[in-house]
Amino acid sequence: MFSSLNTNQKPTGSAWNPVHWPAWFNYQKSLLHLPSPGKFERLHSEATKETFTTNYVFDGAQANIIKELSPHFHVQHQFSLGSQVMPSMYNFMSVYMTEKTMLQGTMGNDANLNGVLRHAFSERFVGKVVAQMTDTPGHSMLQLEQEINGSDYALNFKTMNPNPLECTGLFMASYLQSVTQQLVLGSEIVIQRPTAEMEMTAMSFVGKYTGKDYIATAQVQDVGAIQASYYQRINEKVEFGVELNMMAQEGRREAVATVGGKFDFRQATFRGQIDTTGRVSAVLEEKMAPGFSFLISGDLDHMKGQSKFGIGIMLSA
């Protein structure tokens with residue numbers, strides 16, 4: 001186990017001495033017992049990842065077979081065919097995980113290779129490397145990430161496809177700070193340099209309020225984009241999420257609102273979603289037996305007149 005820093009101990013130096021101000025500041029802050037603010041990339045996860053169907057909907061036929069070879073190592077085979085938007089494919093994934101390290105690799109029948117390495121150097125410092133190798137020009141990717149996690153703050157640095165010689169790539173930095181037991185404030189800056197002569201910068205400010213059984217989050221970007229979400233836990237088996245995305249830039253105004261719900265039954269989980277563009281989707285996961293699930297997915301876009309349907313199985317052994 002990692003050892004944590006002791007900030008609850010009262011500093012011995014004088015509070016009038018500027019040298020000891022950081023120690024006294026951390027001590028006074030520790031008396032507030034502020035919680036961890038979480039990760040910037042998961043600000044809207046309660047609403048969008050738990051209740052929405054976005055990460056679960058599929059079409060065609062799909063099969064996932066997961067085999068646990070040891071407490072730290074498992075492999076997964078994924079088959080999919082008959083999709084209207086994706087060709088038939090096979091993916092093989094292996095995952096090795098310990099208390100400090102996570103290593104994941106995925107390879108498909110198209111010979112594309114994806115890898116993720118995450119290692120916790122200490123309780124506060126976590127490094128991550130994401131790589132994608134493909135024979136398609138312009139689609140290979142390298143991402144480097146460093147997290148600094150305090151008891152009541154989170155700092156993250158991320159870069160994608162960096163080129164130190166030409167100073168090009170995508171660079172991101174974010175900071176979250178717990179202000180009270182319920183309120184978290186933060187900011188993110190994104191610098192994109194596709195060439196040495198071109199640079200684009202975007203900045204956003206976020207706020208997240210956590211109540212007893214609800215979470216409200218808002219993110220405002222300087223380019224005129226606003227993303228707001230609200231998550232409500234009705235009871236242990238029913239959860240709802242709402243998301244609003246608005247864009248107001250150069251005389252163009254667009255907005256999309258999405259509502260999703262998750263319902264847990266004794267042997268099944270149902271997710272449903274509808275948005276203001278006329279798109280409706282639903283995913284049902286029926287647990288037929290321990291380690292075996294049957295899935296049904298449906299997606300209907302009224303505005304485009306398109307529909308998708310999928311069936312699948314998930315087997316864990």
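# Close-up views of a predicted model

**View A. Lysine 208 is a buried residue with a relative accessible area of 9%.** The model shown here and in the other views is predicted. Because a residue counts as buried when its relative accessible area is under 20%, the value of 9% places lysine 208 in that class. The side chain of lysine 208 meets that of glutamate 46 in a salt bridge, with a distance of 3.5 Å from N to O. Glutamate 46 belongs to helix α2, while lysine 208 belongs to strand β11, which covers residues 198–210. The two partners are 162 residues apart, and the pair links distant parts of the chain.

**View B. A salt bridge joins the side chains of arginine 118 and glutamate 147.** The N to O distance in this pair is 3.7 Å. Are the two partners buried or partly exposed? Arginine 118 is partly exposed, as its relative accessible area is 29%. Glutamate 147, in contrast, has a relative accessibility of 5% and counts as buried. Arginine 118 and glutamate 147 also belong to a network of salt bridges in which Lys39 takes part.

**View C. Arginine 233 and glutamate 239 form another salt bridge.** The closest N and O atoms of this pair are 3.5 Å apart. The relative accessible area of arginine 233 is 33%, which means that this residue is partly exposed. Glutamate 239 has a relative accessibility of 7% and therefore counts as buried. How many salt bridges are counted in total? The count comes to nine.

**View D. The second largest pocket has a volume of about 340 Å³.** Its lining consists of 23 residues. Those that lie nearest the centre of the pocket are Lys39, Phe40, Glu41, Ser174 and Glu188. Strand β8 gives the most, with four residues. Sorted by class, the lining holds seven nonpolar, nine polar and seven charged residues.

**View E. Eight named residues form a nonpolar patch on the surface: Tyr230, Ile234, Phe240, Val242, Val259, Ile274, Val280 and Leu300.** Together these residues have about 610 Å² of accessible area. One of them, leucine 300, lies in strand β18, which spans residues 292–301. With a relative accessibility of 36%, leucine 300 counts as partly exposed. A residue needs over 30% relative accessible area to be taken into a patch, so leucine 300, at 36%, passes this cut-off.

**View F. Histidine 33 and alanine 111 each have a positive phi in a residue other than glycine.** Phi of histidine 33 is near 55°. Histidine 33 is located in the loop between α1 (21–30) and α2. Its relative accessible area is 58%, so histidine 33 is exposed. For alanine 111, phi is near 70°. Alanine 111 is located in the loop between β4 (101–108) and β5. With 52% relative accessibility, alanine 111 counts as exposed. Residues are called exposed because their relative accessible area is over 50%.

**View G. Threonine 98 is found in the loop between β3 (89–97) and β4.** Threonine 98 has a relative accessible area of 26% and is therefore partly exposed. Its C-alpha atom is separated by 9.4 Å from that of histidine 119. Along the chain, threonine 98 and histidine 119 are 21 residues apart.

**View H. The chain that holds these sites contains two helices and 19 strands.** Along its principal axes, the C-alpha trace of the chain spans about 70 × 50 × 40 Å. Of its 317 residues, 32% count as buried. Lysine 208, glutamate 147 and glutamate 239 are among the buried residues.

Note on methods: Residues numbered from 1 in each chain as written. Predicted model: local features only at pLDDT ≥ 70, side-chain atom pairs only at ≥ 80, totals over all residues. Heavy atoms only, no water. 1 Å grid on protein atoms, 1.4 Å probe; cavity = no way out; pocket = protein on both sides within 12 Å on 5 of 7 lines; lining within 4 Å. Points joined across faces, edges and corners; volume = space filled by probe spheres on them. Nonpolar A, V, L, I, M, F, W, Y, C, P; charged D, E, K, R; others polar. Patch = residues over 30% accessible without salt bridge, like charges linked within 9 Å, V, L, I, M, F, W, Y side chains within 5 Å. Areas by Shrake-Rupley, 256 points an atom, 1.4 Å probe, with all protein chains shown as cover. Salt bridge = Lys/Arg side-chain N within 4 Å of Asp/Glu carboxyl O. Buried < 20%, exposed > 50% of the residue type's maximum accessible area, 1.4 Å probe, protein only.
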